[in-house]
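Colleague: I am new to this structure. Please take me through the terms and what they rest on.

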Amino acid sequence: MAATGNEEQTLLPDIEEEAEGMEREMESEEEEEEGMGVEHSEEEDEEDTSEDERENEAEIQRLEEQLSINAFDYNCHVDLIKLLRQEGKLHRLRKARQKMSELFPLTEEIWLDWLKDEIRLTEDESDREKVYELFERAVKDYMCPEIWLEYVQYSIGGMGAQGGIERVRSIFERALTAVGLHMTKGASIWEAYREFEIVILSTVQPPPGSVASKEQQELLNAQLERIHTLFRRQLAVPLMDMEGTYAEYSDWADDGVPETVTHQYRRALQQLEKCKPFEEALLVSEPPKLAEYQAYIDFEMKEGDPARVQIIFERALAENCLVPDLWIKYTMYLDRQLKIKDLVLSAHERAVRNCPWTMGLWKSYLLALERHGADHQTVTDVFEKALNAGFIQAADYVEIWQSNLDYLRRRVDFSKGKKWSRELDELRAAFARSLDYLKEDVKESEYLVTAAVLSLYACLWIRSYGDAVHCRKALHRAVQCTSDYPEHVCDVLLNFERVEGSLEDWDAAVQKTETKLNRVNEQRARVAEKEAVLARQEEEKAEHRRKAKADKKAQKKSQKTDRAGDKRKAEDEYEEEWGEDEELPSKRLRGEEDFGSTAKEEHMETESGLFSRRAPPPRKTEPPGFRKNQQGLSEAPRQPQDISKEQRKDEECVFVSNLPFNLEDPEGKMRTLFQGCGTVQQVRPIFTAKGVFKGYCYVQFEDRLAVSEALKLDRQEVDGRPMFVSPCVDKNKNPDFKVFKYKTAMEKHKIFISGLPYSCTKETLEDLCKQHGTVKTIRLVTNRSGKPKGLAYVEYENEAQASQAVLKMDGTMLENFTISVAISNPPSRKMEDKAAPSRILGAAMLRQPQGARGKGRTQISLLPRSLYRQSAPDAKAENGTVSAPHATVTDGVHGGPGTASLDTQTKSLSNEDFAKMLLKK
């Protein structure tokens, strides 16, 4: 290591000798080429060189002009530095680097190039001091082991000066503190330090054959102890290739490795084994490796070693320096855990230099300055830099002004009762300046004025009528105990401390509210996970029931195959003609229904005649050619079948409905609309018997992947109507299948808005809702024709944002309409009770009161009025009970066996009751 300094001192002459040698080689090559007959014109070479120089100079001037217009153009700075270094314009290069370093933190590559250029130009001791200062600036930007290694190697070159060895050791110790815990690159600093001390040991050893004096022996023992200490310190730190270091120490130590060192070494190996998965994940992953670093940080924070937490944060920030959330997390950890002034303020300064557009970093920086007792001028300068940082939103300027006003308010001492003070004048002047600064945005200015007035009134009220101490205690209890809208209660506490409390009270309130909200979010996550598990179990049970029902139905179907051969044959012919995938088959013609159900009607006639039921109409004679004409009408609108019934698959088909009935060429339009989803194999539009399009069709694809793409076209407008696209499911096999794709349970991260104007658009609603959080999706509820209903669902990122939106938006006005906002909780859908016909004593089987689709057969009563009997309003008690008034249908005997009541429940009768009724007859 000692030879390294001599090499650095002779670095410039070596470079000059190499350059001269290269020039001599080039000249000799030119002479050889001239000897071989190759002619070169020196004037042309000079012209080419001068032309390149002119082009580079023009580009340099353009870049400098661009930077004069926009000094924050990072890429322009980098290009200018590369061109100046290429042209060898050292003076202008130094100025360009200096200007860039004042605005941005420089990368490791730019710093190393700058440092090497300055080292080559070093001539005397004063120049070396300038290089030392440059190194000090370089190590402050990022945690870079390569820069620290270059720094210690350069410092070894000056060890011959007075106090040079102690200076080298001091730099080595700082390097170990900064990067010595780096698991993959920290070992290089330890080894360089140890080699340096071994070289120093060789200088204090007495010459061979001589006896060391007492002073020499003391120096020798002290140097040996330094080397032993370095070995012990390194073996206690988990680093890669620790085994080699331990073997080297075993060979170097005459008395062997002490037991305590071995114990520390084994503990470090155990820690290394814990960290190896994270290090291996970082090695195999690609930049920016943010997820891997985040997992590593969480692990180290659980381990609880502050030095290791700091080093992993620094490593992550070196590769993700433009991620504001990572800087916020790092500075928050330093503020709450380490609380070391120089370290905390340095981290805050680097954070705002890397991400100057993030208002939260500037706000934390101002609080850190106040927390660590920075002078008023320093805080003011940082605030002025924040105003010039170029925030994106106007709300950021309002919040940074609010932070500054809070700081100035805390400087005013209201306890002395003075009517005037310099700090109070500064606060008033800041209020006036803030209003002038924000006058372009009227709404934000009004908000700031309101906040300021409320703050002053709160201060006056508490001092005049209330007690801040008891109010603070009550708010802390509310934060601890409340479970409804905890975000709102936390905001109240923070606003109170902003208005009335000190900086320590503010810090305590922030920590308490964050702890409370983290606990609430964990509880909500557990509840959501439990609900998801229950929902998954319900789905599994429903699936099991569907399978059992389908198996039972298939079993019954197989048993009835022999008895219903003719009927099955007719049904197979019908399905083969229309397709089994059709959800709503077209109605049969009236003539076909009459002629096809003769046997059934005759059977019903024999039973209904016994109980005065209406007999079916007589069979109509079939006119000549009637069936032939009807078949021609039925087959006319149908499209030719491209694929057979066996080739159709539900999983490769979608059902399209709610289409306009007057849609021209529905097959062609559906093919054009769905061709971007995949290869369309067939489109089956459904027509009536007269050839009128029924508004729905089936689209068959060649593969299943196209179905998922087709489902994304759901609710797309076709001729002014929203088109419904749903999976093609056989409801005979899956009777419980529902196409409705939205949840019907409570969703705490989603809000329901009613009372919207019909002219409200998604863009208008998004502008209104994004003020309270990150909006993921917006759904405007429309009817089947596509017209809005004045209702909407807005989904936020989390429950806290949704709760905040409900508090802020409920009851507000939008285009002269008062809107209502609530957490999304749709009412449960009640299934209609299916009326099951029951046989009463002596009665025949009743007709099914409902149709095939769950609706009544007709809305007109088909029974004579004489058969309806209204019970008396004041019925007498019979057998201790009073019958409720209801309409009954009888066969002429009150309460006789033919009684059938569909709307009320009838009390069961005993044999004695039947006997009494017969006697009355």
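Modeller: Buried residues make up 34% of the 921 residues in the protein. This is a predicted model, where local features need pLDDT of at least 70, side-chain atom pairs count only at pLDDT 80 or more, and totals for chains, interfaces and linings use all residues. Residues are numbered from 1 along each chain as its sequence is written, and side-chain values use heavy atoms, with hydrogens and water left out.

Colleague: What makes a residue buried or exposed?

Modeller: Buried means under 20% relative accessible area, exposed over 50%, and partly exposed in between (1.4 Å probe, protein chains only). Asp241 has 55% relative accessibility, so Asp241 counts as exposed. Arg715 has a relative accessible area of 39%, so Arg715 is partly exposed.

Colleague: How many helices and strands are there?

Modeller: The protein has 34 helices and 13 strands. Both are DSSP runs numbered from the N terminus: helices are H or I with at least four residues, strands are E with at least two.

Colleague: Why is H23 called roughly parallel to H25?

Modeller: Helix H23 (residues 468–481) and helix H25 (residues 503–559) pack at an angle of about 20 degrees, and their axes are 10 Å apart. That angle makes H23 roughly parallel to H25. Angles under 35 degrees count as roughly parallel, over 145 as roughly antiparallel, 65 to 115 as roughly perpendicular and the rest as oblique. Axes are lines fitted to C-alpha atoms, for helices over the stretch in contact, and angles run from 0 to 180 degrees between N-to-C directions.

Colleague: Which residues of H23 and H25 meet?

Modeller: Arg472, His476, Val479 and Gln480 in H23 meet Asp505, Lys512, Lys516 and Arg519 in H25. Contact means heavy atoms within 4.5 Å. By class, the residues of this contact of H23 with H25 are one nonpolar, two polar and five charged. Ala, Val, Leu, Ile, Met, Phe, Trp, Tyr, Cys and Pro count as nonpolar, Asp, Glu, Lys and Arg as charged, and the others, Gly among them, as polar.

Colleague: What makes H20 oblique to H24?

Modeller: Helix H20 (residues 394–411) and H24 pack at an angle of about 50 degrees, with axes 8 Å apart. That makes H20 oblique to H24. Gln402, Asp406 and Arg409 of H20 make the contact with Glu497, Arg498, Val499 and Glu500 of H24. The contact of H20 with H24 has one nonpolar, one polar and five charged residues.

Colleague: How do you know that H33 is mostly covered?

Modeller: In helix H33 (residues 799–809), eight of the 11 residues are buried. They are Glu799, Gln801, Ala802, Ser803, Gln804, Ala805, Val806 and Met809. Their cover includes helix H24 (486–500), H25 and strand E6 (747–754).

Colleague: What lies at the ends of H33?

Modeller: Asn798 caps the N-terminal end of H33, with a side-chain oxygen 3.3 Å from the backbone nitrogen of Ala800. Gly811 follows H33 and has a positive phi, near 85 degrees.

Colleague: Why note phi and the peptide bonds at all?

Modeller: Most residues other than glycine have a negative phi, and most peptide bonds are trans. Asp241 is not a glycine, yet has a positive phi of about 60 degrees. Asp241 lies in the loop between helix H11 (214–235) and helix H12 (242–252). Arg715, also not a glycine, has a positive phi of about 75 degrees. The Pro287 to Pro288 peptide bond is cis, with omega near 10 degrees. Pro288 sits in the loop between helix H13 (259–284) and helix H14 (290–303).

Definitions and conventions: Polar contact = N/O pair within 3.5 Å; in protein donor to acceptor, adjacent residues only side chain to side chain.
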